[in-house]
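Please examine the sequence and the three-dimensional structure shown below.

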Amino acid sequence: MKHIRHAARRALPLAVLLPAAALTAAGPSVASESGGGAEPPEDAKPTIVLVHGAWADASGWNKVIRSLQAQGYPVVATANPLRSLSGDSDYLAARLKSIKGPLVLVGHSYGGSVITNAAAGNPNVKSLVYVAGFAPDKGETALQLVAKHPGSHLTDDPRAPVPTALDAVPLGGGPDDVDLYIKPDKFSDVFLSNRLDAARANALAASQRPANVATNTQPSEGAAWKTIPSWYLVATDDRTIGTENLRFMAKRAGSTTVEVDAPHAVMETNPGDITDLILQAAHGSHPSLARAGASPRLAKTGASVQAAVLGGAAVLAVAGGTALVVRSRRA
């Protein structure tokens with residue numbers, strides 16, 4: 001894969017234990033093969049569809065949206081329900097069918113899992129862009145991917161029934177119907193790597209949208225990156241998924257990759273780098289722009305190197321009951 005590297009950091013290891021019932025939950029259905037209507041003229045730009053992840057909402061894309069719109073791109077920042085991978089993917093697939101012409105899908109964090117499934121079978125999707133996002137293979141869960149390498153700060157106690165950085169809120173619909181929030185006092189470290197001022201971090205923590213347990217425990221039904229060209233932004237100070245896990249997924253997908261010294265919530269700190277990578281993906285999906293040599297400026301680049309994938313994958317086990325347990329191990 002093409003690999004453009006910025007400063008990199010290492011974080012703490014993570015392993016995951018999940019309830020058996022959650023691991024066997026039904027996966028998402030693959031998107032319909034029908035596209036979003038008739039193709040527009042060749043000189044029309046693709047629509048950029050932005051999909052947020054857990055503990056965030058579509059407003060997190062605002063700076064990126066303004067930059068893309070200023071350059072004439074139609075943009076849709078869809079609301080991600082965060083209820084289940086199957087339901088969220090079907091919701092996005094239906095939205096995509098209503099948009100005419102070529103599409104570039106962009107997913108941050110869990111939004112990467114959603115675009116990976118929703119894009120499958122849709123011929124209008126020309127490019128995928130992962131922004132510190134999950135890129136699961138068929139049959140994989142997000143939490144299995146988090147467990148592969150060290151990096152997440154979601155827990156500091158392997159004995160805790162719930163990761164120590166999270167609050168679990170039972171919704172009363174069943175033993176696995178639980179919402180997860182990042183604790184306010186952990187939000188700045190886990191999600192932002194302490195890169196923002198306290199006032200902004202506290203506001204984001206207060207307005208976070210929770211993710212249901214099913215978003216990260218349902219196995220992926222699709223792997224659209226196997227057939228659709230992909231681009232990947234690796235945040236080198238990612239304390240939510242873990243930087244080495246991002247590198248693993250980017251390399252496996254064969255993505256054109258840029259590394260940026262940024263936290264997991266890279267939209268807050270480096271919106272320009274995200275915009276640059278989206279433009280590269282958009283130009284790659286747009287023959288007339290590519291022929292015109294409209295190559296975007298990438299974020300400050302260094303030497304091209306292959307990403308090192310660290311060994312020692314964490315063990316994923318099945319735990320009874322409703323507890324979600326994340327075990328950490330020292331590198």
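The structure is a predicted model. It contains 10 salt bridges. In one of them, the side chains of Asp179 and Arg83 meet with N and O 3.1 Å apart. This pair links distant parts of the chain, 96 residues apart: Asp179 belongs to strand E8 (residues 178-182), while Arg83 lies in the loop between strand E4 (75-78) and helix H3 (85-97). Asp179 counts as buried because its relative accessibility is 6%, and buried means under 20%. Arg83, at 34% relative accessibility, counts as partly exposed.

A salt bridge also joins the side chains of Arg200 and Glu268, at 3.0 Å from N to O. Here two helices are linked, for Arg200 is in helix H7 (residues 198-206) and Glu268 is in helix H10 (residues 266-269), 68 residues apart in the chain. Arg200 counts as partly exposed, with a relative accessibility of 36%, whereas Glu268 counts as buried, with a value of 16%.

Elsewhere, salt bridges that share partners join Asp189, Arg195, Asp237, Arg239 and Asp261 into one network.

We now turn to the aromatic rings. The whole structure contains two aromatic pairs. The rings of Tyr130 and Tyr232 have centres 5.7 Å apart and planes at 25°, so this pair is stacked; the cut-off for stacked planes is under 30 degrees. Tyr130 is in strand E6 (residues 125-131) and Tyr232 is in strand E10 (residues 230-235), so that the pair links parts of the chain 102 residues apart. Both Tyr130 and Tyr232 are buried. The other pair, Phe187 and Phe191, is tilted, with 5.0 Å from centre to centre and 45° between the planes. Because Phe187 and Phe191 are four residues apart in helix H6 (residues 184-192), about one helical turn separates them. Phe187 and Phe191 are both buried.

A charged side chain also meets a ring: Lys45 lies over the face of Tyr73, at 4.6 Å from the ring centre.

Note on methods. Residues numbered from 1 in each chain as written. Predicted model: local features only at pLDDT ≥ 70, side-chain atom pairs only at ≥ 80, totals over all residues. Heavy atoms only, no water. Salt bridge = Lys/Arg side-chain N within 4 Å of Asp/Glu carboxyl O. Buried < 20%, exposed > 50% of the residue type's maximum accessible area, 1.4 Å probe, protein only. Phe/Tyr/Trp six-rings, centres within 6.5 Å; stacked < 30°, edge-to-face > 60°. Lys NZ or Arg CZ within 6 Å of the ring centre and 35° of its normal.
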